[in-house]
Amino acid sequence: MKWNKDSLKELEKAPEFVRDMAKKSVESHAKKQGRKSVSLKDVKEVFDEYMGVLETEGVGGKRPTHIAIVVCERTSEACPATACLLSFQGRKVKFKEYDSDARLVGFFSCGGCPGRRISRLLNNLKKSVKIDVVHLGSCMVREEYQPPCPNRESIIKMIQSKGIKVVEGTHH
Ligand code: SF4
């Protein structure tokens, strides 16, 4: 598939971590219309659709609260995170305070001690959406599963330094 200079320049506006995916979506969009080259219009149409998903407004035009959940890498080897996700969806336990518009915009494991990839993934997320709150999975804070995360304090400080609120726990 051929790309002209303007289309490539427009593609570069997509955050780096989704650029390959965006490129494939644009090419597929052009292909569906029977073309072998990508126009600037194709890129804009696909981006508008993508950004529309990210910027959906809640009731009354108010932006919904954006939440990300971070879980322990060690636990994630065995845990499919069902309780974390159901708690959010049902607005239970640590998610009770959120209204029905609140959205889960990120879910990832810490990447291993000492929380190796949390900062990087939050920075990547912030390029696409504003993050209001990060919940640390109950696996990081409760003793029922394993010893609580020994790096918790520094992880919390690092997240707060990005202007993001931290709540300890998800389903307990
Ligand atoms: S940093 Fe904490 S949450 Fe991450 S793997 Fe280590 S103990 Fe688990």
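**Entry 1: ground rules.** I noted that this is a predicted model, in which local features need pLDDT of at least 70 and side-chain atom pairs count only at pLDDT 80 or more, while totals for chains, interfaces and linings use all residues. I also noted that residues are numbered from 1 along each chain as its sequence is written.

**Entry 2: the whole protein.** I looked up the secondary structure and found eight helices and six strands, which are DSSP runs numbered from the N terminus (helices are H or I, at least four residues; strands are E, at least two). Read from the N terminus on, the elements run β-α-α-β-α-β-α-α-β-α-β-α-α-β. The C-alpha trace spans about 60 × 40 × 30 Å along its principal axes. The protein is divided into domain 1 (2-54) and domain 2 (59-168), with bounds that come from an automatic or database domain assignment, and I found the C-alpha centres of the two domains 31 Å apart. Of the contacts between residues at least 6 apart in sequence, 73% join residues at least 24 apart.

**Entry 3: burial.** I used the rule that a residue is buried if 20 or more other C-beta atoms lie within 10 Å of its own, exposed if 12 or fewer, and partly exposed in between, with C-beta atoms placed from the backbone. By that rule, buried residues make up 23% of the 172 residues in the protein.

**Entry 4: the sheet.** I traced an open sheet of four strands in the order β4-β3-β5-β6, with parallel pairing, where two strands pair if DSSP finds at least two bridges between them. β4 and β6 (165-168) stand at the edges, each with a single partner strand, so one side of each has no neighbour in the sheet. Neighbouring strands are turned by 20° against each other on average, direction ignored; the axes here are lines fitted to C-alpha atoms, for helices over the stretch in contact, and angles run from 0 to 180 degrees between N-to-C directions.

I then followed strand β3 (residues 66-71), where five of the six residues are buried. β3 pairs with strand β4 (residues 103-109) over six bridges in the parallel sense, and with strand β5 (residues 133-136) over four bridges, again parallel. I67 has L104 as its bridge partner in β4 and stands opposite V133 in β5. H66 is bridged to R103 in β4.

**Entry 5: the cores.** Which residues touch the most other members of the largest nonpolar core? I took such a core to be a set of buried Ala, Val, Leu, Ile, Met, Phe, Trp, Tyr and Cys residues joined through C-beta atoms within 7 Å. Of its 20 residues, A68, I69, V70, V71, C72, V134 and M140 touch the most other members. The elements that give two or more residues to this core are β3, α5 (82-90), α6 (118-128), β5, α7 (138-141) and α8 (152-160), and β3 gives the most, with five residues. Apart from it lies another core, of six residues, among them W3, V26, V38 and V43.

Entry 6: Why does G34 count as exposed? G34 counts as exposed because it has 6 C-beta neighbours inside 10 Å.

**Entry 7: backbone details in loops.** I noted two residues in the loop between α5 and β4, R91 and V93. Phi of R91 is near 50°, a positive value in a residue other than glycine, and V93 has a positive phi of about 50° although it is not a glycine either. R91 is partly exposed, with 14 other C-beta atoms within 10 Å, and V93 is partly exposed with 16 C-beta neighbours inside 10 Å. In the loop between β4 and α6 I found P114, and the peptide bond from C113 to P114 is cis, with omega near 0°.

Conventions:
Contact = placed C-beta atoms within 7 Å.
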